[in-house]
Amino acid sequence: MIAWLAPLLDLVFPPLCPLCERRVDRHGHDPLCAGCWAALPRLRPPFCARCGRPVPGLPPAEVCEACRRAPPPFAYARAVAAYRDGMREAIHQLKFRGRVALARPLGDLLAEEGGAGVPVEAIDGIVPVPLHPRRLAERGFNQAELLAARLARRWRRPLLTRLLVRTRPTRPQSELDEAERRRNVTGAFRARDPAAAAGRHLLVVDDVLTTGSTLGECSRVLLAAGARAVGVLALARVE
Ligand SMILES: [Zn+2]
Ligand SMILES: [Zn+2]
């Protein structure tokens, strides 16, 4: 767009916050207004050192009961917010109403809050969870990739969008119970370029972490392709 046109358009059509529809003053998190940005339900420690689930009273570096019984494939997982209130609404607007401008503030939230639980300097590449090509064609964009791209820019880490592919369409995980979720994603991903994974520390990024089946399966595939370590970062965790 021509440089002078955007401020002019803002003057004629003031940008409205997609969550509360109030006018947005420029404060660096637009299109979210300052109030909605501040109200995003950020998660606070203590977290399980492995799966990242908030566990009240857990000592630092300890893992939760579930991870002790059955350790997940990834070395660590973190989510920066709870999947409720403004966060749930923002993800819906991004994914299902195509408000792709939201990927900027939400990617910033990942970068600002995710750094606390993720060894940023050790990461060799950021890998968004891929959509099946058919789903990608329907939606026109991959929300995980938009978030990962913003994160990669903020953290100055390589974005690897062609490493993982989804080889068969899967049903939305939200419709399934835990056992079905695991079956739904088993064998659904493939590492297209194992050489790009070999010996690397990779961070897999998604918008929502539910039971961790999808992110666990992506991790398993990358480890099988030779990755040295795989961690997971999601925007929101279903509580
Ligand atoms: Zn707002
Ligand atoms: Zn755990």
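## Helix α4 and the glycine after it

Glycine 98 follows α4 and has a positive phi, near 65°. Helices (H or I, at least four residues) and strands (E, at least two) are DSSP runs, numbered from the N terminus. This is a predicted model, in which local features need pLDDT of at least 70, side-chain atom pairs count only at pLDDT 80 or more, and totals for chains, interfaces and linings use all residues. Residues are numbered from 1 along each chain as its sequence is written, while chains are lettered from A and ligands numbered from 1 in the order in which they are written.

## The buried face of α4

Met87, Ala90, Ile91 and Leu94 of α4 are buried (20 or more other C-beta atoms within 10 Å of the residue's own, with C-beta atoms placed from the backbone). Seen down the helix axis, the buried residues of α4 fall within an arc of 95° (taken over the directions from the axis to the C-beta atoms), so they line one face of the helix. They pack against β1 (76-82), α5 (103-114), α7 (143-155), β5 (201-209) and β6 (229-237).

An automatic or database domain assignment divides the protein into domain 1 (1-39) and domain 2 (41-237). Eight residues of domain 1 are in contact (C-beta atoms, placed from the backbone, within 7 Å) with nine residues of domain 2.

Notes: Two residues are in contact if their C-beta atoms, placed from the backbone, lie within 7 Å. A residue is buried if 20 or more other C-beta atoms lie within 10 Å of its own, exposed if 12 or fewer, and partly exposed in between; C-beta atoms are placed from the backbone.
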